[in-house]
Each structure stands twice: as structure tokens, then as C-alpha cells.
Amino acid sequence: MCNPLSPLPICCCKDCPASTATGAASSANVGVSQKPDVKNTHVQILCADPDGKVVEVSHLAASGTIAHVNLKCQSKLDRLGAVTLLVDQKSGQKSLRASCSVHSKCVCWISNARDADLLFDWLAEGRRNSKDNHLNLAIELKRSIGMKVKK
Ligand SMILES: [Zn+2]
């Protein structure tokens with residue numbers, strides 16, 4: 001797992017001007033939405049390695065591809081993966097899908113829209129694991145949030 005240098009993730013969410021903006025009217029936005037409608041990209045540092053490599057999350061949008069996870073080494077940026085918010089057309093049920101860019105056909109889908117942080121962590125682990133290990137971590141992640149996973 002990542003060992004952040006700081007126990008608190010550095011995030012500029014609360015300073016984001018979009019957080020004070022009124023939420024856009026949307027038919028998909030039923031009920032109370034806790035998350036601000038983020039329009040500006042902002043970057044969250046997920047973890048930093050002793051060798052200077054930094055894993056960061058670029059928050060992109062409130063729907064669709066909501067974030068990219070990147071590995072930054074000096075000026076070089078490598079994509080580790082992306083997280084997409086999925087909304088079921090019929091039920092309105094939201095879920096999240098993380099697509100790993102390190103391995104092909106390596107994804108982790110979870111049945112809620114709350115645990116994006118777990119998917120960011122999972123994507124950050126891709127570079128340190130084989131595809132099989134990474135997919136096993138995905139199964140562990142799903143079980144940790146109470147999903148039933150068939151092996
Ligand atoms: Zn992977």
C-alpha cells in the first residue's frame with residue numbers, strides 16, 4: 001500500500017470555486033447530492049514515494065470520467081488509470097468503474113458511488129503488481145465494501 005508522507009491527503013476541494021456554485025439542474029440528480037458540482041480540474045496528491053515519484057488524482061468532472069490517476073516523476077506524467085461514474089438508465093443506481101492503464105483489460109467495478117478513494121488507491125497499486133495480483137486486489141477491495149464476488 002502507499003505510505004503517504006502526510007497523514008492527510010492534500011486536496012484543494014474546499015478552495016475550489018466550483019464548490020460554492022449551485023448544482024446544475026439534472027434529471028439524474030435525484031435527492032440530496034453531498035458532492036459539489038466540480039467544474040474545475042483540481043489535483044489531489046495520493047501518495048509520494050521516497051524516490052520522488054508522486055501519485056496524483058486529477059478530478060475532472062462530476063459525471064462521466066470523474067478522475068484520472070497519474071504517476072508524476074519530475075515533469076513526466078504516466079497515466080495509471082481512470083475512474084468513471086456510471087448511472088443506470090432505469091434505476092438511477094450509481095456505480096464506479098476504475099480502468100487500469102498499466103494492464104490491459106484490468107478493471108475494478110464497484111456498486112456504489114461513494115468509494116472512489118478506494119479505486120484511486122487500487123489504481124495506484126497497478127504499477128507495483130502483476131495483472132493477476134492487481135485483479136486479486138480488486139476482489140479484496142470489493143469484498144471489503146460488502147460486495148459478493150465470485151472467484
Ligand atoms: Zn491493473
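A residue is called buried if 20 or more other C-beta atoms lie within 10 Å of its own, exposed if 12 or fewer do, and partly exposed in between, with C-beta atoms placed from the backbone. This is a predicted model: local features need pLDDT of at least 70, side-chain atom pairs count only at pLDDT 80 or more, and totals for chains, interfaces and linings use all residues. Residues are numbered from 1 along each chain as its sequence is written.

**View 1. An open sheet of 6 strands, paired antiparallel**. The strand order is β1-β2-β3-β4-β5-β6. Strands (E, at least two residues) and helices (H or I, at least four) are DSSP runs, numbered from the N terminus. Two strands pair if DSSP finds at least two bridges between them. β1 (42–48) and β6 are the edge strands, each pairing on one side only. On average, neighbouring strands are turned by 20° against each other, direction ignored. The axes behind such angles are lines fitted to C-alpha atoms, for helices over the stretch in contact; angles run from 0 to 180 degrees between N-to-C directions.

**View 2. The β3–β4 hairpin and its turn residue Q74**. β3 and β4 run antiparallel and are joined by 9 bridges. G64 has L85 of β4 as its bridge partner. N70 has R79 of β4. The hairpin leaves 2 residues between the strands. Q74 sits in the loop between β3 and β4. Its phi is positive, about 55°, although Q74 is not a glycine. Q74 counts as exposed because it has 8 C-beta neighbours inside 10 Å.

**View 3. The β4–β5 hairpin**. β4 and β5 pair in the antiparallel sense over 7 bridges. T84 stands opposite R97 in β5. This hairpin has 6 residues between the strands, and G92 takes a positive phi near 75°.

**View 4. K105 in the loop between β5 and β6**. K105 has a positive phi near 50° and is a residue other than glycine. K105 is exposed, with 8 other C-beta atoms within 10 Å.

View 5. α2 covers residues 131–144. The expected span of a helix is 1.5 Å times one less than its number of residues. For the 14 residues of α2 this gives 20 Å, and the end C-alpha atoms are 20 Å apart, which agrees. H134, A138 and L141 are the buried residues of α2. The buried residues pack against β5 (94–100), β6 (107–110) and α1 (116–125). Contact here means C-beta atoms, placed from the backbone, within 7 Å. Just after α2, G146 has a positive phi of about 85°.

**View 6. The largest nonpolar core, with 23 residues**. Such a core is a set of buried Ala, Val, Leu, Ile, Met, Phe, Trp, Tyr and Cys residues joined through C-beta atoms within 7 Å. V69, V83, A98, L119, F120 and L123 have the most contacts inside this core. β2 (54–59), β3 (64–73), β4 (76–87), β5, β6, α1 and α2 each supply at least two of its residues. The largest share, 5 residues, comes from α1. Leaving out residues up to four places away in sequence, L119 touches V83, L96, A98, C108 and I110.

Technical notes
Contact = placed C-beta atoms within 7 Å.
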